[in-house]
Amino acid sequence: MEKNLVHAVSSLLLHHGSDVMKLRLHGFLHELPPGPTSFPHISYGMGKDLYENPLGTLMTYYEEFGPAFTLRFLGQEMVFLIGPEANQMILTSDYRDFSWEHGLLAEMIPFIGYGLLTTDDEVHDRARKLLAPAFYPARIQNYGEHMVSRAVEAAEAKRDGDLFELHGWTRQVALKIAGDVLLGMDTPREKAEFFAEQFEKGLSCYDGYFWQTLLRRGPGSLQSKMKKHVEKLDEVIEEEIAERRRWPAGGEAILDLLVHAEADGQRFSPREIRDHLVTLLFAGHDTTAATVAWLFASIGRNRHIYDRLEQEIDDVLGGREPSAQELFNELPYLDQVVKETLRLYPPAWFGPRMARKEFRIYGYRIPAGTHVSYCSWATHRMPELFEDPEAFDPDRFQESKCRAMEPGAYVPFGRGPRTCIGMRFGELEAKILTVVLMQRFRLELFPGQQFSVRTVPTISPRQGVKIRLHRR
Ligand code: HEM
């Protein structure tokens, strides 16, 4: 009787609903891979585990159910697909068959809009072409100079013996760097700071995003508060866009490039410019800040790694300020440490999509309309791919070992045509912040800290990383 009713409602909607609705219903009527609960059952225990320890819980599901499992929570379903085969399929071979815009992170669209991250097909491809020049090596080199001066300014303000929270500090520096690069160095400080503040307030509404935002709708909810910050943010951006349009082309900031970029005789509209700017700010600062925080949390607990890295920095640079060229090519151990940090703590730890077509993987037939996600966090912890996966061991990224790595095994920046456009930018910034701090201070973890993970929706240390500085 219940099943007949479901089928009657489904067939009505399949004929009259929207395309996305039809695809999702189609998925609902098929059997998905196993998981800890079956729809519509809601497990309080599962919800609590996922909220308190989202990523540890995912690993236990991987161990229990294998590389494909389904999570069901408050009517939402998501199939997690773990491992290189899934990564290759979603990111490379069949990437057109997996939609970002209709994936579970579409929850971010009211905030970040339709930028490079959240769009598909022609809209995405056109924007990627227009934005690519902002990330050419010569530009990255130029941004590197701003990064060094901002990092030095912030590090010089610190004193011997200071106890401080590193993640918050890095976020502030990364936001300033993003402001310089996106808006331009000439932007008045108050304007850039207001822009950053509204952005942070809007973003903070996504704390615990995955499991909570579904409950946050209606007046007085966090989503409605977010709207308030978004409106303020948009006001500043609109004014800025109008002003830049009056300037001649050739400015160095990404905003100037967006205002004057042209592909096939077409320019970005003000709305598109706004969405790209906010997307770059979203994708670009928290990821790097989290990387630096996890890096020091990791080497702080492995002093032999810290000492080896410090030695390399001293040998190559002494007290000199680093150039982008040196950071990319002449500090191999630093590179390995950053790579290992991103293996264990990939800030963008999952990549949700909606399947546009039925597909087969790991012995399952997954219907069109299913929410799926690849997961770098879990793939990077597979013992079949990384021996003793929980150990922090930068030597696994020695050049010869990297070459032997299976394609799709290591995906902290995604892969394929939608690989992170800011990869080199992010790597450079993380390296600069690390080097500038280590040249001036010995960093010591405040004793007794436990590091748990917060998802906003990128992962960062929930209580931050408390550090004591000793001037060198
Ligand atoms: C350590 C730093 C960073 C990490 C780990 C990281 C990670 C990622 C990952 C995993 C993706 C792919 C997401 C998916 O497949 O669903 C991505 C995409 C993206 N990232 Fe990054 N990112 C970093 C820094 C940056 C920076 C600095 C910027 C910009 C200034 C940026 C801008 C973007 C954009 C625009 C996309 C979407 C690309 C597309 O779909 O064409 N990221 N990033």
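## Ligand surroundings

In this predicted model, a backbone N or O atom of leucine 116 lies 3.5 Å from an oxygen atom of the ligand. For arginine 128, an N or O atom of the side chain is 2.7 Å from an oxygen atom of the ligand. For arginine 353, an N or O atom of the side chain is 2.8 Å from an oxygen atom of the ligand.

The ligand is surrounded by 27 residues. His124, Arg128, Arg353, Tyr374 and Cys420 are the closest of these.

Helix packing is described here through axis geometry and contacting residues. Two packed helices are described by the angle between their axes and the distance between the axes.

Helix 8 (residues 137-156) and helix 20 (residues 423-440) have axes that come within 9 Å and cross at roughly 35°. Their crossing is right-handed. On the helix 8 side, the contact is made by Ile140, Tyr143, Gly144, Met147, Val148, Ala151, Val152, Ala155 and Glu156. Helix 20 contributes Arg424, Phe425, Leu428, Glu429, Ile432, Leu433, Val436, Leu437 and Arg440. Sorted by class, the residues of this contact comprise 13 nonpolar, 1 polar and 4 charged.

## Helix 20 against helix 9

Helix 20 also packs against helix 9 (residues 166-183), where the axes come within 12 Å and cross at roughly 130°. Helix 9 is therefore oblique to helix 20, and the crossing of the two is right-handed.

From helix 9, the residues Leu166, Trp169, Thr170, Val173, Ala174, Ile177 and Val181 meet Phe425, Glu429, Leu433 and Leu437 of helix 20. The contact of helix 9 with helix 20 has 9 nonpolar residues, 1 polar and 1 charged. Phe425, Glu429, Leu433 and Leu437 of helix 20 take part in the contact with helix 8 and in the contact with helix 9.

## Helix 15 against helix 17

The axes of helix 15 (residues 303-317) and helix 17 (residues 332-344) cross at roughly 140° and come within 8 Å. Helix 15 passes helix 17 in a left-handed crossing.

Ile305, Arg308, Leu309 and Glu312 represent helix 15 in this contact, and Pro332, Tyr333, Leu334 and Val337 represent helix 17. These residues divide into 6 nonpolar and 2 charged, with no polar residues.

Terms used. Residues are numbered from 1 along each chain as its sequence is written. This is a predicted model: local features need pLDDT of at least 70, side-chain atom pairs count only at pLDDT 80 or more; totals for chains, interfaces and linings use all residues. Side-chain values use heavy atoms; hydrogens and water are left out. Axes are lines fitted to C-alpha atoms, for helices over the stretch in contact, and angles run from 0 to 180 degrees between N-to-C directions. Helices (H or I, at least four residues) and strands (E, at least two) are DSSP runs, numbered from the N terminus. A crossing is left-handed if the near helix is turned anticlockwise from the far one by less than a right angle, and right-handed if clockwise. Contact means heavy atoms within 4.5 Å. Ala, Val, Leu, Ile, Met, Phe, Trp, Tyr, Cys and Pro count as nonpolar, Asp, Glu, Lys and Arg as charged, and the others, Gly among them, as polar. A residue is near a molecule or strand if one of its heavy atoms lies within 4 Å of it. A polar contact is a pair of N or O atoms within 3.5 Å; within protein, one must be able to donate a hydrogen and the other to accept it, and residues adjacent in sequence count only if both atoms are side-chain atoms. Angles under 35 degrees count as roughly parallel, over 145 as roughly antiparallel, 65 to 115 as roughly perpendicular and the rest as oblique.
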